[in-house]
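Please look through the sequence and the coordinates below before reading on. The paragraphs that follow lead from single contacts to helix packing, and from there to the relation between the chains.

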Protein chains: 2
Amino acid sequence: MNAMIQFEDFSEAEINNAIEKSWNAFLDFRTFTLRQKADFMRCIADELAAGKETVIRLAMEETHLPYDRLSSELTRTAFQLKSYADACEQGLWMDIRIDTADMAATPARTDIRKTMTPLGPVAVFGASNFPFAYSTAGGDTACAFAAGCPVIVKAHPAHAHTSEWVAGAIQRAAQKQNMPDGIFTHIHGAGFEVGKTIVMHPLVKAVGFTGSFSGGKALFDWANQRPEPIPVFSEMGSINPVYLLPEKLEAAARDMAGHYAASITMSMGQFCTNPGLIIGVNSHFLESFINSLAEKIQLIAPENMLHAGIAKAFTDNRTKALGQKGVAIAAVTQFTAGELQGIPTIATVDANDFLQNPVLHQEVFGPYSLVVKCDSMDEMQKIADSLEGQLTSTLMATDNDIHQHPLLVDTVKNKCGRIILNGVPTGVQVCPSMQHGGPFPATTDSRFTSVGADGIKRFARPLSYQNWPDSLLPPELANNNPLKLWRLVNNELTRTSLPS
Amino acid sequence: MNAMIQFEDFSEAEINNAIEKSWNAFLDFRTFTLRQKADFMRCIADELAAGKETVIRLAMEETHLPYDRLSSELTRTAFQLKSYADACEQGLWMDIRIDTADMAATPARTDIRKTMTPLGPVAVFGASNFPFAYSTAGGDTACAFAAGCPVIVKAHPAHAHTSEWVAGAIQRAAQKQNMPDGIFTHIHGAGFEVGKTIVMHPLVKAVGFTGSFSGGKALFDWANQRPEPIPVFSEMGSINPVYLLPEKLEAAARDMAGHYAASITMSMGQFCTNPGLIIGVNSHFLESFINSLAEKIQLIAPENMLHAGIAKAFTDNRTKALGQKGVAIAAVTQFTAGELQGIPTIATVDANDFLQNPVLHQEVFGPYSLVVKCDSMDEMQKIADSLEGQLTSTLMATDNDIHQHPLLVDTVKNKCGRIILNGVPTGVQVCPSMQHGGPFPATTDSRFTSVGADGIKRFARPLSYQNWPDSLLPPELANNNPLKLWRLVNNELTRTSLPS
């Protein structure tokens, strides 16, 4: 890694030039068929698979992530590209609506048909913790291509060489699939000025980001201050609260502790769905849970964090959190941690101290979780009321617990994008039912997901065709439905064709 | 009207109190069934129909709109409420996705099911030009109720008494349908401070607006400056360009002129889809079109504008537009207009002057349209390239024209929400295929529509349930599909139930 060359930041002129090429590519790409877009995405997946060993070696050097983790992440990345390619062709993301003419109606109705059209070039800022799945050829890029948008990736400086290799794979796929020049742009930049120049450029029409609150919020603010504001999908992490309800806690304290020790420390806690807050009501069952969790955490060995910046942030944030009023350490790994390593840690605090201290609501990105001890379920409700928007929330609860506490359940639902019952929040499945996005500050737009094929909708907008003859309509709107898509025709969902 | 009392602006304390009640209503309303929400909406429609003569009389006094126009607008408003109620129950807006567990897969898959959850209290700022359909019980309100959100309406001061009556009708429906106290809030305020107080309140979670650019953009900026930014759907109008392509112009110049004279002056041009810009290439066919249009415009009598403010703005903007370099009057109504009346007017300008003058891109809200005369189709392309986002764009074109000018067609598509072929943009049908919303500055969020049932999606966000037992799932996600909704189950769209 030390032997690797550093990439120089792109100059403003280079960035402007690249974005103009991206716009020119858009003029072509927006007219491509669903099949062409999908085949391009599948070809990228194949290129990634073909270079797997090479790129994993690069990523291991840059990120400190182990082979197995990177291997499964690369497999996931290829799966994303292929499954979103399938979804692109399946066409549900276009929400096709057709209302045929009815000149006998009062007032007379003309023929109107609605499909989706791409927004334009999309800027993607990848995550440091997922060099493949949420980065250069990750979910944002796949969704943008499926929607018909060229992509401009700002490489994450923590894995710039990995990113450079993945960009090359995308370029090879673009050539093989005859994509327009400029369909994919790869920009290096360690400073925030490069990112700002990209987001402020008038030809950039949307932004995808995964990372810190400060980074994601800055992009959002810039984008909204443009003469033409553009949508920003910043996924900024969360503390993913876990509520231990009384009956469940009594029945399964030790069992839960085992699952949570693993969830908190997997990949040294460097997941945006890491459970950073666990809330229970004081009882000897809660003590038993904490003790079991503590025993297991002590046995977990420190590992290298992704990079020096994240390691330092973990150390600083952990120290800050542990120094807050009322916070006590319940467990620390029994092993000595190196300078760049995460220190598996569990802390506790009383609900009253938690409620009075916003610092404790902040994410400590790494293998750390805080157990909040409440005097009563009323106090647990107060905690739920006090929390900000989250990617996920988890209820550890029996059916009876759920029935006994409807207000708590509703409160928790209202503050997250995914609500888990009796599970752990880590592990984000790539499937249509996944919602990865929650109320602010978890993300800047809770109405969309960054995982699952519905994420394609972020980068397209509806376009209605009024009074167009069949021969001039795009294929997804044509009478004979050549793509056999599901369409809402005169308010009935159907795949059949319309009479010509 | 002069005898009518003026409503006093609500104080900040009154507004805060009302919004807190709205939030409390949300805590209940979000748990209501689709049927309960739909029945409430239908009941509002019935209350409007029952009081039709009373409220139309009020609106005639306040808005100067004639009986027939108000009558059809009220019918449309009731239709919106009923058709969105049907769409609420039909459930497509929830984009339901179900992926069942597969413990044999690698990695094992847990059961995840995605539905929609409401955002929270929605603030609605109605339009001056549509006292019913885009105001108090209009499309934004109907969509918010369908999504499960309480509504806070800031009454438009230009029809505050009409708004007060409609609010009463909503309150009667709320009582009849046992809605929670606070489900609907009606706030008076002539100054912008009232609007700002509403939008900045932390318990308000989304905003719908129809009106001017300055008003809509101010709400957008306030909302994005909040500690917790919220989505704003401002529909801010547009100039709705009409492109006359050569073969069509040659074939149908006089016929088109008749349709456009009517479209430009209907309701004194006070529609957000009024065709304010017509673009053609110089020829004697274009002269013939302009002459025919001029003849017809001269015969159209002035009528009262909606209110004194709009009349004054029309006079000012028309004078400003006519005073720009190269702008010539082609026709003015032959009748003398009163002080509060619109003056049907057609002006012309050469493409070169238009391209150099951003003032001419601005909407003149009223019975006014500007014909831009180009030297060539290349110049028409430059006009298309230079225009901002629009609600609608129209192509008057033969099939051959469309085939001959693919870049122009693509450029136009990329700048509007609805593209009309051989028609007029006025007349916004309420149907699922309608897109009423276009790229900025037409609206602040081109990814959503404010007309048609898909507008419900503005006020809800996806929520995934992971690993919940069937008995605890909301009905739309339950195995036996009691509501018989369309759902994407393991990637197949189906209405059948799942095995329990």
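Contact is taken here to mean heavy atoms within 4.5 Å. The model is a predicted one, and every value quoted for it is computed from its atoms. Setting aside residues up to four places away in sequence, A:Q298 touches A:A330, A:A331, A:V332, A:T333, A:Q334 and A:F335.

When its neighbours within four places in sequence are left aside, A:S163 is in contact with A:T136, A:V153, A:A155 and A:H186.

Helix α10 of chain A, which spans residues 284-298, also packs against helix α9, residues 246-265 of chain A, at an angle of about 30° and with the axes 8 Å apart. Because angles under 35 degrees count as roughly parallel, α9(A) is roughly parallel to α10(A). The two helices pass each other in a right-handed crossing. On the α9(A) side the contact is made by A:L249, A:E250, A:A253, A:R254, A:M256, A:A257, A:G258, A:Y260, A:A261, A:I264 and A:T265, and on the α10(A) side by A:F285, A:L286, A:S288, A:F289, A:S292, A:L293, A:E295, A:K296 and A:I297. By residue class, this contact of α9(A) with α10(A) divides into 12 nonpolar, 4 polar and 4 charged residues.

In chain B, helix α9 (residues 246-265) and helix α10 (residues 284-298) pack at an angle of about 30° with their axes 8 Å apart, which makes α9(B) roughly parallel to α10(B). The crossing of α9(B) and α10(B) is right-handed, and among the residues that make the contact are B:L249, B:M256 and B:I264 of α9(B) together with B:F285, B:F289 and B:L293 of α10(B).

A further helix pair can be followed in chain B, where the axes of helix α4 (residues 67-90) and helix α5 (residues 139-147) come within 10 Å and cross at roughly 25°. The helices α4(B) and α5(B) are therefore roughly parallel to each other, and their crossing is right-handed. Here B:Q80, B:L81, B:Y84 and B:C88 in α4(B) meet B:G139, B:A142, B:C143 and B:A146 in α5(B), a contact that divides into 6 nonpolar, 2 polar and no charged residues.

What covers the buried residues of helix α15 of chain A? This helix, residues 406-413, is mostly covered, with 6 of its 8 residues buried, namely A:L408, A:V409, A:D410, A:T411, A:V412 and A:K413. The cover includes β8 (241-244), α13 (377-386), β13 (390-396), α14 (399-404) and β14 (416-421) of chain A, together with β15 (460-466) of chain B.

Some details of the backbone remain. Most residues other than glycine have a negative phi, and most peptide bonds are trans. A cis peptide bond, with omega about 5°, joins A:F440 and A:P441, and A:P441 is found in the loop between β14 and β15 of chain A. The bond from B:F440 to B:P441 is also cis, with omega near 10°. A positive phi, near 65°, is found at A:N467, in the loop between β15 and β16 (487-489) of chain A, and A:N467 counts as partly exposed at 33% relative accessibility.

How values were computed. Residues are numbered from 1 along each chain as its sequence is written. Chains are lettered from A and ligands numbered from 1 in the order in which they are written. This is a predicted model: local features need pLDDT of at least 70, side-chain atom pairs count only at pLDDT 80 or more; totals for chains, interfaces and linings use all residues. Side-chain values use heavy atoms; hydrogens and water are left out. Axes are lines fitted to C-alpha atoms, for helices over the stretch in contact, and angles run from 0 to 180 degrees between N-to-C directions. Helices (H or I, at least four residues) and strands (E, at least two) are DSSP runs, numbered from the N terminus. Angles under 35 degrees count as roughly parallel, over 145 as roughly antiparallel, 65 to 115 as roughly perpendicular and the rest as oblique. A crossing is left-handed if the near helix is turned anticlockwise from the far one by less than a right angle, and right-handed if clockwise. Ala, Val, Leu, Ile, Met, Phe, Trp, Tyr, Cys and Pro count as nonpolar, Asp, Glu, Lys and Arg as charged, and the others, Gly among them, as polar. Buried means under 20% relative accessible area, exposed over 50%, partly exposed in between (1.4 Å probe, protein chains only).
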